[in-house]
2 protein chains.
Amino acid sequence: MASKRQRQHVITQLLANNSVSSQEQLITLLKEEDIEATQATVSRDLDELGSVTVRVSGGIMVYAIPELPSDHYVHQDHLKRVLGEWVVKVGVSRNIVMLQTPPGSAHVVASALDRAGLETVLGTVAGDDTVMVVASETCDGSVLAESLSQLSGLE
Amino acid sequence: MASKRQRQHVITQLLANNSVSSQEQLITLLKEEDIEATQATVSRDLDELGSVTVRVSGGIMVYAIPELPSDHYVHQDHLKRVLGEWVVKVGVSRNIVMLQTPPGSAHVVASALDRAGLETVLGTVAGDDTVMVVASETCDGSVLAESLSQLSGLE
DNA sequence: CAGAATAATGCATAAATATGCATTTATTTG
DNA sequence: CAAATAAATGCATATTTATGCATTATTCTG
């Protein structure tokens, strides 16, 4: 069961990469991401995300979240690749997530995290083979650790 | 009794000068301009005018008629990025342009094309790794293919 | 001009979305 | 830990929007 934050994040991606013209369609797309949600929940999510509607060619109206969603997606994909390649272990203590990398690779990971601009990340510090990731106030360290573990393909 | 053209002109003005969050509200505003119309008519008018919804401060969604030029520009930039990232091959047959993408990425490209609202594109159909782009009557398929190739950075 | 064809509109209702209320889940507190 | 509090969610339905079909109005044609 995805958390609300995770679900809304996925919604943002889906809207950026699909022409979603109805909430039912969005529910279907979420289900494909193994996220179950009802129309009521989706309606509220869209409201909270500040969704708008735009016209696509053919004239139908689709949902959109303003603010360069596609960029975010691209960076997320890039981040996933980098994490998948270089992160070998994830640990967490309170609001600090420790990412272990091969020697000399920490800065690559830190850079990708910085450019991803994750709301959940307050900042990063890179050593030689370790990246300290500080979770933002709105995100619990363990949740962030789990998120980064998944992006790293570690679970 | 205002003509359709006149009524739609007034609607455009009303949307520009008021935060109209429902069609019923719009009907009331029209009545104040001595224009009678039912919800069905207003719904159709908004559709024909290519209305969208935007968020105003306070978070409510209101109707708006977009100003095409700047939107077009923004989406073109977005389109260029998406095509550059995901399109690996462009083919053309008569008025159909075929875009080849990595598996699973076709819908991303199709969505971006939809949003770009190119006059030269009549519509798109996305498979798994292929997007079929139908050129509009006013554009030759090979011209569109070349245009999309350039946007994709393929030549 | 009358009749045919086309466009516009309203009625009724289907479809889509928002929301009140209750329940469930998550978080906080002692 | 249990209880209290807050947040999230679903159910049911109210509200809003879209649309099928029939009617009306307008335009076109001979």
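Residues are numbered from 1 along each chain as its sequence is written, while chains are lettered from A and ligands numbered from 1 in the order in which they are written. Because the model is predicted, local features need pLDDT of at least 70 and side-chain atom pairs count only at pLDDT 80 or more, whereas totals for chains, interfaces and linings use all residues.

**View 1. The elements of chain A.** Chain A has 6 helices and 6 strands. Helices (H or I, at least four residues) and strands (E, at least two) are DSSP runs, numbered from the N terminus. Starting at the N terminus of chain A, the order is α-α-α-β-β-α-β-β-α-β-β-α. Of its 155 residues, 34% count as buried. A residue is buried if 20 or more other C-beta atoms lie within 10 Å of its own, exposed if 12 or fewer, and partly exposed in between, with C-beta atoms placed from the backbone. Among contacts in chain A with a separation of 6 or more, 51% join residues 24 or more positions apart. Two residues are in contact if their C-beta atoms, placed from the backbone, lie within 7 Å.

**View 2. The open sheet of chain A.** Strands of a sheet pair through backbone hydrogen bonds, either parallel or antiparallel. In chain A, 4 strands form an open sheet in the order β3-β4-β6-β5, with antiparallel pairing. Two strands pair if DSSP finds at least two bridges between them. β3 (89–93) and β5 (121–126) of chain A each have a single partner strand, so one side of each is left without a neighbour in the sheet. Neighbouring strands of this sheet are turned by 20° against each other on average, direction ignored. Angles run from 0 to 180 degrees between N-to-C directions, and axes are lines fitted to C-alpha atoms, for helices over the stretch in contact. β5(A) and β6 (residues 130–135) of chain A are joined in the antiparallel sense by 5 bridges. A126(A) stands opposite V131(A) in β6(A).

View 3. Chain B has an open sheet of 4 strands in the order β3-β4-β6-β5, paired antiparallel. Its edge strands are β3 and β5 of chain B, each pairing on one side only. β3(B) and β4(B) run antiparallel and are joined by 5 bridges. Here G91(B) stands opposite M98(B) in β4(B). Helix α5(B) packs on the sheet and touches β4, β5 and β6 of chain B; its direction makes about 160° with that of β5(B).

**View 4. The nonpolar cores.** A nonpolar core is a set of buried Ala, Val, Leu, Ile, Met, Phe, Trp, Tyr and Cys residues joined through C-beta atoms within 7 Å. The largest core has 26 residues, of which L83(B), V97(B), L99(B), V109(B), L113(B), V133(B) and L148(B) touch the most other members. α5(B) gives the largest share of this core, 7 residues. Leaving out residues up to four places away in sequence, V133(B) touches V97(B), L99(B), L113(B), V121(B), T124(B), L144(B) and L148(B). A second, separate core of 22 residues includes A110(A), L113(A), V131(A) and L151(A).

**View 5. Two crossing helices of chain B.** Helices α2 (residues 23–32) and α3 (residues 39–48) of chain B pack at an angle of about 100°, with their axes 10 Å apart. That makes α2(B) roughly perpendicular to α3(B). Angles under 35 degrees count as roughly parallel, over 145 as roughly antiparallel, 65 to 115 as roughly perpendicular and the rest as oblique. Q23(B), E24(B), L26(B) and I27(B) in α2(B) meet Q39(B), V42(B) and S43(B) in α3(B).

**View 6. D34 in both chains.** Most residues other than glycine have a negative phi. D34(A) has a positive phi near 60°, and D34(B) has a positive phi of about 60°. D34(A) lies in the loop between α2 (23–32) and α3 (39–48) of chain A; D34(B) lies in the loop between α2 and α3 of chain B. D34(A) counts as exposed because it has 9 C-beta neighbours inside 10 Å.

**View 7. The contact between the chains.** 19 residues of chain B are in contact with 15 residues of chain A. On the side of chain B that touches chain A, α5(B) gives the most, with 5 residues.
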